[in-house]
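Dear colleague,

Please find the structure below for your records. My notes on a sheet and on a helix pair follow it.

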Amino acid sequence: MQVELWIAVLLCIGGAAAGGFAAWKIAFKKGVEHRQKVAESAIGSAEAEAARVLKEAKSVAETQKKEALIEAKDEIHRLRSESERELRDRRSDIQRQERRLQQKEETLDKKIENYEKKEEAIAHRQKDIEARLQDAEQLKRGQFEMLERISGFTAEQAKEHLLNILTEELVHEKAMRIADIESQLRDEADTKARALISQAIQRVAADQVTESTVSVVPLPNDEMKGRIIGREGRNIRTIETLTGVDLIIDDTPEAITLSGFDPVRREIARISLERLISDGRIHPARIEEMVEKARRDVELNIKAEGERAVLETGIHGIHHEVMRLLGRLHYRTSYGQNVLNHSMEVAFLAGIMASELGIDPVIARRAGLLHDIGKAVDHEIEGSHVEIGVDIARKFKENEAVVHAIQAHHGDVEAATVVACLVQAADAISAARPGARRENLESYIKRLEKLEELANSFNGVERSFAIQAGREVRIIIRPELVNDDEMVLLAREIAKKVESDLEYPGQIKVHLIRENRAIEFAK
């Protein structure tokens, strides 16, 4: 029963499925037919629309074609008109240029014709001139022959005579011009220099006291001389050995003289001896102690003097070793003048003159203060104080302007800067101040003899005399060898030689005297 039931159910399901499939097939067929009809209708509408659009496009294209043909015709007409107009303009320009060229050709033909006429005239004139030149040359030769017969000179002799006359005239004119220019420049320079230097001197009114190579130590009584000498001279030997200074004990009452070329050692000996005399205990151990204390005190004083010099001159950035060397100059003299005071005075003078000239006064004061720095060690190092000073300045990186001023302040090299010239002038002013310096008799006589010897070395000098303490040299000239015009040149040469070969304070006047004398005796 169950099997039959299941079979019946399956049969019902199969029948229902077959019926549903048949119904779906019928409906699908109807849908396909309907869509075919709709598509055919749409295709027909599209074809009609396409035909319409194509027709309209053909109509528009025909219209645009006609318009483009019309515009092309108009453009061709316009271009043709412009071309014809340009062609006419070019033809007119060509015609104008042809007329201008024709006029130029006519003008050139006229000029060529004129040039040909001028050439013919010039050729005629040239022939005439050549004929005249030949006549003039013949006349000139005749005149030369006549002049040679009259004067007794040949042409070469006459030429040499004229050249000699011209040379003498030129020498005279040269001497006169040199004298005029030197006189004018000297007047102007002297006026300005006097004003500048006098103002600087007035503003630096420094006192000068000459110093020597000896120091005198006062004694309370003459018995102290024996105590200073000591038993068998041991005390005086100890002092001289420790200080390097000679003690001169003579008949001078209540005084002992210390002699030494080194002012620092002489100062140490003076301080030590004064302290020993004040203390009263004089023996080798005490002497050694006092000398050592005096040496330390002098070193401190050297440092203080260097600082004082830098502070008073208003200079900054000085190396401490250079400052110590400046302090040593306090114990150094030159011709009796204290070198540190001299250097400070030169610094002030150079600074004042630099300010008046519109130049940096600090550089001028620095160069003036350091110009004699080499004298602090010139007795310890070989070479002149100028060379030593230049080496010291370069060693401690001083300004090149300062180095050059040190190198040129005695004329070892030519001054190339204004600062160097100012230091030279300030150095000469300080050294030439009355009472500032003094020379010993031997060096003074040697300097005067050398000045006269230099003047006598020139040709034409008969004799010379150094006068005015060597500030003037009078030279007697032989009149038959030197004329008045050549005296100007000779005086200049002698002055230049004196400047280059001699060292002297201030300036030296070169005075030439020429005298002609005619002597005859009536018998």
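Two strands are said to pair if DSSP finds at least two bridges between them. With that in place, I turn to the sheet of this predicted model.

The sheet is open and is formed by three strands in the order 6-7-8, with mixed pairing. Strand 6 (461-467) and strand 8 (509-514) are its edge strands, and each of them pairs on one side only. From one strand to the next, the twist averages 20°. Strand 7 (residues 472-477) and strand 8 run parallel and are joined by six bridges. Among the residues of this region, Val473 has Val510 in strand 8 as its bridge partner. Across strand 7 and strand 8 lies helix 14 (residues 484-501), which runs at about 155° to strand 8.

Helix 9 (residues 361-370) packs with helix 11 (residues 400-408) at an angle of about 45°, and their axes are 9 Å apart. Angles from 65 to 115 degrees count as roughly perpendicular and those under 35 as roughly parallel; helix 9 and helix 11 are therefore oblique to each other. Their crossing is right-handed. On the side of helix 9, the contact is made by Ile363, Arg366, Ala367 and Leu370, and on the side of helix 11 by Ala401, Val402, Ala405 and Ile406. Sorted by class, the contact of helix 9 with helix 11 has seven nonpolar residues, one charged residue and no polar ones.

With kind regards

Methods:
Residues numbered from 1 in each chain as written. Predicted model: local features only at pLDDT ≥ 70, side-chain atom pairs only at ≥ 80, totals over all residues. Heavy atoms only, no water. Helix = DSSP H or I, 4+ residues; strand = E, 2+ residues; numbered from the N terminus. Axes fitted to C-alpha atoms, helices over the stretch in contact; angles between N-to-C directions. Contact = heavy atoms within 4.5 Å. Parallel < 35°, antiparallel > 145°, perpendicular 65-115°, else oblique. Left-handed = near helix turned anticlockwise from the far one by under 90°. Nonpolar A, V, L, I, M, F, W, Y, C, P; charged D, E, K, R; others polar.
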